[in-house]
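Please look over the briefing below with the sequence and the coordinates at hand.

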Amino acid sequence: MSSSLAISSSSLRLTHVFPTNGNAILFNAISSCRISSLKSPSLNSIFIRIPYGSFKKASFFTSSRPFSPVMEWQDCTAKMEIDVPASVAYKCYSDREAIPNWMPFISSVQVLEDKPDLSRWSLKYKAFGRDIEYSWLARNMQPIPNQKIHWRSLEGLPNRGAVRFYPKGPSSCLIELTVSYEVPQLLAPVASALQPFLESLLKSGLDRFAKFAKSSGSTR
């Protein structure tokens, strides 16, 4: 097999042939290229003449497709039984702008006035020796009254989650909070420690939510 590559200011000339019995067989061809046959003392060769700049994205030998690593997703879940009816807990949790009052790492939530199903979230927390700050735009999906609230991010930090409310009696319920998120590259080195750390924060948040919901329910 013989190969040659010649570059000039006006064109790129690539020859890639397999000689068999004194004749050259073209290994590959491009339909848009001009092909000409030239005589050689030792064998007949086929040359492919390709306009300069045609190899912007790929060639016969290499691919320039960018590498896109698959980021890791983690799921975190926290559960807690609280002494308020499911309907009260559901109503309190539906007030998204009040969530920073009891969730430790959420600094602000702003519901869009013209699109109340959308809200902007900000996360600020100091952990693993660094200040962690992220934001995202989330959409609340169609809820199931007194049973389920769920959402997914549209931009910013990729995440999704759900809060489920299970009645345990006339004056208590079980809350199950599940959050799934894409591990940011900044925190990839501590990904294994991130999940238990966040689950502890979620449990702390639910504990504070129990007090918040009970206080809110007593004033209604």
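S172 counts as buried because its relative accessible area is 12%, which falls under the 20% cut-off for that class. In this predicted model, the residue is found in strand β12, and, leaving aside neighbours within four places in sequence, S172 is in contact with E81, I82, D83, V84, P85 and P167.

- The C-alpha atoms of S171 and S87 are separated by 9.6 Å, although the two residues are 84 apart along the chain.
- S192 lies in helix α2 and has a relative accessible area of 68%, so it is classed as exposed, the cut-off being over 50%.
- For S192 and Q74, which are 118 residues apart along the chain, the separation of the C-alpha atoms is 9.6 Å.

**Loop residues**

- V183 and N159 are 24 residues apart along the chain, and their C-alpha atoms are separated by 9.4 Å.
- F128 lies in the loop between β8 and β9, and its phi is positive, at about 55 degrees, although F128 is not a glycine.
- With a relative accessibility of 31%, F128 counts as partly exposed.
- N146, placed in the loop between β9 and β10 (148-156), likewise has a positive phi in a residue other than glycine, with a value near 65 degrees.
- The relative accessibility of N146 is 35%, so this residue counts as partly exposed.

**Fold and surface of the chain**

- The protein chain contains 2 helices and 12 strands, and, read from the N terminus on, its elements follow the order β-β-β-β-β-β-α-β-β-β-β-β-β-α.
- When contacts between residues at least 6 apart in sequence are considered, 47% of them join residues at least 24 apart.
- The protein chain exposes about 13600 Å², of which carbon and sulfur atoms supply 53%.

**Interior space**

- How many cavities of 30 Å³ or more does a search of the whole structure find? The search finds 2, and about 460 Å³ of space lies in the largest cavity.
- The elements that give two or more residues to the lining of this largest cavity are β8 (118-127), β9 (130-140), β12 (172-182) and α2 (191-218).
- The largest share of that lining, 5 residues, comes from α2, the helix in which the exposed residue S192 lies.
- In total, 27 residues line the largest cavity, and those that lie nearest its centre are F105, L123, W136, V179 and L198.

**Aromatic and charged side chains**

- A search of the whole structure finds 8 aromatic pairs, and one aromatic cluster is formed by Y90, Y93, W102, F165 and F209.
- Each pair of aromatic rings is described by the distance of the centres and the angle of the planes.
- The charged end of R160 sits over the ring of W73, at 4.2 Å from the ring centre.

How values were computed:
Residues numbered from 1 in each chain as written. Predicted model: local features only at pLDDT ≥ 70, side-chain atom pairs only at ≥ 80, totals over all residues. Heavy atoms only, no water. Phe/Tyr/Trp six-rings, centres within 6.5 Å; stacked < 30°, edge-to-face > 60°. Lys NZ or Arg CZ within 6 Å of the ring centre and 35° of its normal. Helix = DSSP H or I, 4+ residues; strand = E, 2+ residues; numbered from the N terminus. Contact = heavy atoms within 4.5 Å. Areas by Shrake-Rupley, 256 points an atom, 1.4 Å probe, with all protein chains shown as cover. 1 Å grid on protein atoms, 1.4 Å probe; cavity = no way out; pocket = protein on both sides within 12 Å on 5 of 7 lines; lining within 4 Å. Points joined across faces, edges and corners; volume = space filled by probe spheres on them. Buried < 20%, exposed > 50% of the residue type's maximum accessible area, 1.4 Å probe, protein only.
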